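Here is a structure to read together. Look it over before the dialogue begins.

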Amino acid sequence: QVQLVESGGGLVQPGGSLRLSCVASGNIFRIYAMGWYRQAPGNQRALVARITSGDTTNYVDSVKGRFTIARDNAKNTVYLQMNSLKADDTAVYYCNADVQTTWMRREDVWGPGIQVSVSS
């Protein structure tokens, strides 16, 4: 079993910053791509940012220039630095990882999600 746990969410004023972290644990042999998704009420879950094992990144247009994704392979951790936050960024944020387990199975793993609220 592989688990992902997110942290760092909360309430912030417009223009503020938050840093999300996601730690993977369990029977991990290798982690390929890692990413952050978000789901606002009434909307589908959608990609925010993604980073490959080779550190290639991609972002949804609405967060380019404001959000930065990074990973620490030694800690099995992915981060999302969110600056200049807007009310439209309010959502539950989910961490995702493409993992090869010690049993050599490939698994698509999700964290439970963490709330990010941007409001004055």
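**Reading the core, the sheet and the rings**

Q: Which residues of the largest nonpolar core touch the most other members?
A: A nonpolar core is a set of buried Ala, Val, Leu, Ile, Met, Phe, Trp, Tyr and Cys residues joined through side-chain atoms within 4.5 Å. Buried means under 20% relative accessible area, exposed over 50%, and partly exposed in between, with a 1.4 Å probe and protein chains only. In this structure the largest nonpolar core has 31 residues, and Trp36, Leu80, Met82 and Tyr93 touch the most other members. The model is predicted: local features need pLDDT of at least 70, side-chain atom pairs count only at pLDDT 80 or more, and totals for chains, interfaces and linings use all residues. Residues are numbered from 1 along each chain as its sequence is written, and side-chain values use heavy atoms, with hydrogens and water left out.

Q: Which strand gives the largest share of this core?
A: Strands (E, at least two residues) are DSSP runs, numbered from the N terminus. Strand 9 gives the largest share, five residues. Strand 1, strand 3, strand 4, strand 5 (46–51), strand 7, strand 8 (77–82), strand 9 and strand 11 each supply at least two residues.

Q: What does Tyr93 touch?
A: Contact means heavy atoms within 4.5 Å. Leaving aside residues up to four places away in sequence, the contacts of Tyr93 include Trp36, Leu80, Met82 and Ile114.

Q: In what order do the strands of the open sheet lie?
A: Strands of a sheet pair through backbone hydrogen bonds, either parallel or antiparallel. Two strands count as paired if DSSP finds at least two bridges between them. Here an open sheet of four strands has the order 1-3-8-7, with antiparallel pairing. Strand 1 (2–7) and strand 7 (67–72) are at the edges with a single partner strand each, so one side of each has no neighbour in the sheet. Strand 1 is joined to strand 3 (residues 18–26) by six bridges, and Gln3 has Ser25 as its bridge partner in strand 3.

Q: Which strands pair with strand 11 in the parallel and the antiparallel sense?
A: Strand 2 (residues 10–12) pairs with strand 11 in the parallel sense over three bridges, and Val12 stands opposite Val118. Strand 9 (residues 91–101) pairs with strand 11 in the antiparallel sense, also over three bridges. Strand 11 (residues 114–118) has Ile114, Val116 and Val118 on a covered face, and Gln115 and Ser117 on an uncovered one.

Q: How many aromatic pairs does a search of the whole structure find?
A: A pair of aromatic rings is described by the distance of the centres and the angle of the planes. Rings of Phe, Tyr and Trp (its six-membered ring) pair if their centres lie within 6.5 Å; planes under 30 degrees apart count as stacked, over 60 as edge-to-face and the rest as tilted. The search finds one pair. The centres of the Tyr37 and Trp110 rings are 4.9 Å apart and the planes are at 65°, so the pair is edge-to-face. Tyr37 is in strand 4 (residues 28–39) and Trp110 in strand 10 (residues 106–110), 73 residues apart.

Q: Is Met34 buried or exposed?
A: Met34 has a relative accessible area of 2%, so Met34 is buried. Met34 lies in strand 4, and among the residues touched by Met34 are Ile51, Ile69 and Val78.
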